Each structure stands twice: as C-alpha cells, then as structure tokens.
Amino acid sequence: MELLCLYVIILLLTMFDFSSGIIYNNKGDIEGQFSCSSQQPHQKEEIIQLYLSSDDLKIHCFFHSKTKRSSQEFLSVFTSGGLAPSLEIINSTYTGIFHFNLTLYSDQANWLIIIPRENITKNTEVAAIEEWLVRINLQHGLNIYTTEGTLLDTVREPILQWKLGAQLTKANLIKLYPHVVGLKVTKCPCANDVALLGFILNSAGNGVYIGLSFSGFWKYDDTVWYNLTDMIYSQVGEGHMELSVVDMVLTNHFFVILTSLGLFISHDLRSAYSPLLKFSRADFCGFERRDYVKGKLWYNERCFANTELHEVDYVTVTFERNRTLSEESSCFYSPAPFFDWLPCLPPLSKQTKSMASTVITFLVDQEHSTGVYLLHNNQKTTVVSVHHLKQNKPKLKPKFPPFMFPSSFSSPVGIVFHPRSHFLYAYGNQVWLSIDGGNTFELLADFHDDVIKSTYHSFYTSDIIFLSQSGKAHFTKAGLETYSDIGSIADNIFTLYYDHMGFIHKLTPDKFVAGGPHAALGNSQLIFGQAPDMGFRTALAPQYITTNEMIFYAYVPPSEPQETIYTKTFNNIHSGKVIQSRNTGKAYIREILQSHKSAEFLSAVIAEVIEPFGIQDVTQSPCLSSTLSIAPEQDSFKLTLQQPTPGVVSLFQASDIEKTVVIPGYSSFLIISIVDDQNALAKATMPRLVPTDMTFVKDSWFLYDFGQKNGQTWEIHAKPCNYWFQQHDDSLSLSVLKYIDLGKSYTLQVKVMPHGKGTQIIGLPLVKIIVGNPTVLQVKVEGSFDDADNYLMKISVASQYMLQGTTSLAFIIGEASTDCFVTTFVPILKSSCSYLKSMHHNPSKVIPLEDWLSGVHKDSQGFNMIKTLPINYRPPSNMGIAIPLTDNFYHADPSKPIPRNLFLKSKKSGKFKQCANVSTREECNCTLDQKFSHAVAFSDCREKVPRFKFPVTHYPVSLAIHSEDGRAPVKTPYLVTVTEVNERENWELSRVCSLL
C-alpha cells in the first residue's frame, strides 16, 4: 500500500555526549577577525572571497587593525609564539586543511600561503561544482579567532566560461536607467555568488541587457554587463520592437531567458566550443508578445554537482491566460536540456475536462520524483495536487488526495521549494508550509489584503524573505512555524538577492546595497530600516498563572467591524516573540491561544516573565487607595470602590479605561468604561474565577496598564537568539552532502545549548527531526539532555534498501528565535555510490613511474611493455583497422592531421574532450596524472599504454575499489559489468575469481 505520509518525525531515545565542534549563534565565535584576498593584499573587504584559477592559489591574510603598524605588531606577537592561521577548504563532501607560512619578512604585515591547484582539485573540466567554504582559524591562548568566506573555482564554473553578448560600456549602461521598470535576478544553484541580473524595460526601451557577477553583487563595478539583443533578433527577426527581459533562470547546466519575444535556452554551458554563448528559441504555438510579457518561470533550485542519472533539472513556464480550445495548455515544463516543452497537466479524460483548473505553478520535486501543482479553478478554490512522474511525465492519478486550501487563501501567487530541502511553501495573501511533499500544509502567515509577490532564499543560513506588494518584508527560517516583520523597502525598482554565505543584497539599476545575514549584527537594517513593532493597536489584559507565567488576552471592542477583527488578535507572527512594556518589564511568548467562547477575548498568549512588569501607583490611578468589590452587570462586571480613609481621594478616572485589575488567585478585569467616580465596568479574563461576595482591601489588588487609551504602552519584538547550535565535526559546513552506499551507514551528531532566560520547557526535546524521503534510507535518532540541560542528538543513517535516491534531513530548533543565525540544519543524504569511490584495475605487471616517463620497460625477453601511441590515435573497430568508430582520441593534438579518417563513419566519430576548442596540444593543459589516467574523460591526454604480445589470452583482470576511506574489501551484492570503452567486440570474459 502506498504511503500517504512521506515524512517522519522521529522520537528521541538514549544518551551520548561530545564536546568538540564550532558553536553557531554565539556571536563571539564567528567574527570577522581576518581579511583575506587572493587578488590584492592589504585590501580590507567586508567578506572573504577567494578565487581559484589555473595557477596556484596565493592568499594574503592580515589581522584586522586600524593601521598597518599595529597589524605588524599583531603578526609579530603571533609568529614569535609559533602561531599562524590555518585555512580549511570545505564543501559538502570534502575538507582540506592548509597552514600559513610562519616566516615573516621585515616589512610584511600579512600572512601568506601558496597552495598548488592540484592540492585542492585535479579537475579542470567545466562542470557544475560547489563553491567552497573557507574557514580561517587562529588560536591564541583562550581566544579562538575564526572567519568564514568562500572560494570559487573560476576555471570550472560553467557560466563564467562564456561571453554572453556584446559587452556594455558604463556610458551605454547609464543610458538604460530611465527605461528600467523592474529587475530579475537568478543565481547558480551550486555557487550562489555567481549570479545574473536582468533589466525589465518599458516600451521606450528595447533590448536584453544582463549583468554577470562572480562575487555576489558586492560591488557594482565588478558586474560585467552584456547586450544580448542581437542574439534575440537573430532568432525572431529584426522587425519586432519592445524587446525586454521578462524572467530568467540559471540552472546547473543551462541559462533560460523569458523575453517579450519568446523563451530562449542556451546551449549546454559545459560545452565551450566557442567564446560566444548561443541560444535557441522554444516555440509555443498561439502565444504572442502580450502573453510572454505576463509569463513567469518556475524552478526548484538544487545543486547537481557530480550529477547522477536520476538528477535532472526542470523548468516551468506559465502564462496568465486561459487556454483556448485549440491550445494544449497555458503551462509548459521541460527537463534539461529543455528541447521538448510539454503541457504541465496530464491528458484529461472527457469527464474531467470541464472541471480542469488553471495551473498557477508546476514544480518537480526531484527528491520524491513527483510533480506538484498549485491549481485555481472558477469556483475560486485553490488546491495543491501531487502526481508521480513516469519517464519525466506526471501521471493522471494523484499520489495523495489533493489538499484544498480554505477560501481565505483567495489570491494564490505560487509555490516554491526552499533550496536543497523538502520544505514547500505556498504563498499569496497567505503563506502555507508543507513538510511532507505537498500532502498537507499548515498556515504560517495571513496577510489578508497584502499579497506576497516574491520570495528570496538562502540555502546556507535557511533564511527566507517574503516580500509583499506593499513593500513589507517578512522573515522566517526554513521549517520554523513563526516569522517576523523586519521592515520595508521604499524603492520603486529593486530586487533582493542572497549570496553564497547568506548575506542579503538590495539590487537597484544603478547601485547595490549589501546587508548581512539577518542575525548578523543588525546589518539588514541598511536595507529594511528599523525593525517595526509587531504588536497591534488594542488593549491587553494580563492574567497571572504563576509568579513567572502569565496570559495576555487581546481585547476586541464590540464596535470592531468583522472584516478588521484580525487586526486585534494574536497570530503566528507573535510566537516566540517578546512582549515589552514601554515602562518596564518583558515576557517571552510561548504559545498562541485562539478562542471563540468570548466575543471580547478571541486570542491570548502564554508568556514567561523575564523582567517583572511595573504596576500603577496611586499617583497614576487614585482608585488604588480604596477597597474593591466586584458584582455581575449583564455581560460585564461592575467594579465598585468603597470609601477609603477620610481625607484620602479615591476615584476612577477616564485614564483608567483599558487598564487591568489583577487580583492574585482570581480572574483579572479589563476596565472598558467608567460609570462614575466610584464605579467602572470591566470584562473578566476568566469568568469562572471571578470572586463573588468578596471585597479586596487596598494593596491586595493591583492595576496594570497595557492599554492604548493613553498612548500605546506595549510592544512586540523578536526575541534575542536563545539557542547555540554545535556540530560534532567542525570540518563540516552548514551544507552537508553524504553518500551512503548499500550496506553502509553514517553518523551525524549535534548539540543544542539553551542560552539566556526563558529558553526551554524542561524535559521536552529541543529539536524536531524530519526525514524528507524515508523510503530511501533507514534513519535512527537518539537524543538526551546532559547535566547542563544541553540537548544532545545522534543520528544514524543506513542504506539497507536496493534503492537509489536522495533525501534531506531537517534539524529544526522549533523554539529558536528568528534572530538566530542557525535554527535549521539540512544535510542531504544520497543512497548511492560516492563519486569519490572508484574501481581500479590492478595491472598484472607493475611498471615504475620512471619507466612510464621514459617509455621503455623491457621484460626478461627484451620485449618493451610500453607503447607510445601515435598522434591522434583511435583504436580499430570490428569493421577493420582502417575504420575507427570510437569517439575517443588518444595522444590528441589538434594541430596535427587525424589518421584513418577516410571513411564517412570515421569522420562522423571522434570528439576531442580535454583538447576541445584549442589549437595545439600544449593548450590542452594535460597534467601528469591525466596523461597516465585510465579514465575515458582524459583519453586526449593519454600518451602511453601497456603493450602485450598478440594474441592476448588468459589475461587476469584484477579489480580493487578505493573510496574516501581508503581501500576497502568488496562484498556482496556488488555486481561488476565489464565493457570495452572503444566498442570492440573481439574479446570475452571467461570467469570471475574474486574482487579485491
């Protein structure tokens, strides 16, 4: 039976402990103590950005100081103690540690390290690869200085190998500014610092203009601008005008541009056969310019470094119009390489065609191999429907019963997967979150008439910003069930963008403004301004439960119109926030309560008192001098003052309205009107606890002011970060990818440490674990508290099923503040053979390296066992020695003629790989390792091969498997398939003895 629920919330079991690893959310640990550059020494940058070229990586680092002299002094102190920084280079699967030189020259104010490229990576082919995290560490006494940054391989990053069009000068770029009405940004899924910015032009402008940044838009002048107009006109003709960018998507291997004149797809970015990038146009019959300008591209951002067969990019294009009878759809999608664009909806039967809905969004969930639809029909009903994919096409039958949103979700805009995760958000005038692939959704936020028009995400920090049409920015972390208001943006033309390290940027046509991670010292204020008060305009009635815990009831006046009642109630935004009196006192909100039993108190919050709230005194409220009695009065209660001591003035004042009478052990009373000097009407917060036939003398009852009659007296703001997060292995980044082969397992350990007051309820687990696709891997979790109330967690993952696939785990600190840098940790696990695992042939005769270099190694009979291949050699085929059919060249040299190239089939076969698009062998840049590699990818470089006497019989094929853990024995169920890479058939495998 098919599982209806594809997520697992795992209960936590036993105990363990650890004490190492980097602590996140502790601002003292990850600080910008170093400035480092691979380009210009002594240049202080806001963030460390290093670049790996074909040359050695040279890095200059200096300790932050106001003058060069004091920097030298710092270095001298460290160096004299034998201290120098270490450099960690980390991606999701690799960690390398390098040490800076201890020797300093007399005038040197920085540390220097030179790392040969091959010590970091031996690969040079163009491919989608991860941008590395770099971590600079220095320990001096009890102080640990750590700074993080990035390292980008500019040799291999696909989009950087191309010229997109004619390069724009600064003068011509400035001329475009008056015509820009919007911006579109897209970024490389594996290297978020590599990004593209497109201008949306008005009718007076004409053209496609795109800026390319390899440094995350930190500096405007580092952006290279290209004019792609001629490319578009070469596809559609010169007679069309009002050309503009509409939308853009940069996938792992392709660049897709939606323009006002059509959809254009680049050639494969990995195949750099010419300096200028070429595009082809996708044809949609019946669609014209007025349709394209209202089109939109949709993409599920996932990094496919070391791509496997089941990992495919999909892009969807939607048009804002109902399809006609002659049109298949107003929504189309395509898998890479984006040749065939198919209707999003599967073919419908005659019975269901009349019920068809408009497709707002269609996304492919590669983790579950499903297609997810956001649909909206004529009855104003919004639905999410999930369908299995078979051969890249959605099945007609849904995987789950469709999820129907309530009618209040009246303006749906789209759905989006948080990058590299299984968190699915539906957004419009509300925001909904699904953690189970679209089976169910939970309401995260309701903005009523203010519609979310776009979302912005950081995979590294799990930041998400929902930007509304009014310019308000709402912030959350992936997986959290609450959010915060962080400000607004007043610019008319702008877009937002997260770089690889999670720094937020505001991009406008003529300048860029860099903020920081939302939790980074408030730097996002540069973009969003001062964070607003998240409270609302009504009176609160406090009710004590214990001395440290209280309930705040939100008052809804009877005169409040039905359509604006929501402005007087608590909702999800207030969960985990701080109620703060403008005088004194604050409390942390733990829980939101909704109730319809009382028309006046529809919502409340349970809060923990951190600082006691101030009470009124007799100078502010003279009524406190009297004894108080309480009596029912229709649907309210009458508060009556009894005469105090003669000479003492005690009376209710108009300023007492919306103040709250608090009586320990009984219900509180919110004063709503003054009858006369001695009587007032009030609403009870807990009617069942109203005291009857009792009087309360002076100083046994108190008055709190959380009203707004005398001006707003309370505010709600985000809570300071209240948890520290620690990984056991400090070589890991926040982005982790692990391959788990069949029969293997992997263990991951984390610790969550409460920090500050009011951070936890003792005994409840601090972390929720969600498995995105539990059918792929077996996951076991053990958790416990230590003596310091830190929460320790150990996750064991094993591959026990004969399934290949990917699942993401989510570690969510549900009670964490949105101000924390880390609230969500999402490692990705693959049930697959690691790309670092390889099978090697053990030759029957070992030939020393020096003999390979000389080309001579003779056996006992004087036979040379090394053959130096002819230039541009291709092995013969089964059609004869003169008709090679293989695509593989050996000892390639593009400047020399190609032998045995007379027949048509031979001319059509044969493709250079390492030597593609170069003119000489020297330009192939073959390394020594590549010249002796058995890999087909480096056949161009291979010059010498083992030589045997013909015929070869009973040659022993001995194989061994090497992995990142070294050489390991191979056990069942490994199955070895032997093929001949050059398609020759005059051989056979006699028998298999063993694998080593």
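Colleague: What relative accessible area does Asp-491 have?
Modeller: Buried means under 20% relative accessible area, exposed means over 50%, and partly exposed is in between (1.4 Å probe, protein chains only). Asp-491 counts as partly exposed, because its relative accessible area is 27%.

Colleague: What kind of model is this, and how are its residues numbered?
Modeller: This is a predicted model, in which local features need pLDDT of at least 70 and side-chain atom pairs count only at pLDDT 80 or more, while totals for chains, interfaces and linings use all residues. Side-chain values use heavy atoms, with hydrogens and water left out, and residues are numbered from 1 along each chain as its sequence is written.

Colleague: Which residue forms a salt bridge with Asp-491?
Modeller: A salt bridge is a side-chain nitrogen of Lys or Arg within 4 Å of a carboxyl oxygen of Asp or Glu. For Asp-491, the N to O distance is 3.0 Å, and the partner is Lys-506.

Colleague: How many salt bridges does the structure hold?
Modeller: One of them joins Lys-477 and Asp-463 at 2.5 Å, N to O. Lys-477 lies in strand S35 (residues 472-477) and Asp-463 in strand S34 (residues 463-468), so this pair ties together parts 14 residues apart in sequence. Both Lys-477 and Asp-463 are buried. The number of salt bridges in the structure is 28.

Colleague: How many residues apart in sequence are the parts that Lys-768 and Glu-481 tie together?
Modeller: These two form a salt bridge, with 3.4 Å between the closest N and O atoms. Lys-768 lies in strand S56 (residues 768-771) and Glu-481 in the loop between S35 and strand S36 (484-488), so the parts tied together are apart in sequence by 287 residues.

Colleague: Why is strand S44 largely enclosed by the rest of the structure?
Modeller: Strand S44 spans residues 601-611. It is largely enclosed because, of its 11 residues, the number buried is 10.

Colleague: Which residue stands opposite Lys-586 in S44?
Modeller: Two strands pair if DSSP finds at least two bridges between them. Strand S43 (residues 586-594) pairs with S44 in the antiparallel sense over eight bridges, and the two form a hairpin with six residues between them. The residue in S44 opposite Lys-586 is Glu-611.

How values were computed. Helices (H or I, at least four residues) and strands (E, at least two) are DSSP runs, numbered from the N terminus.
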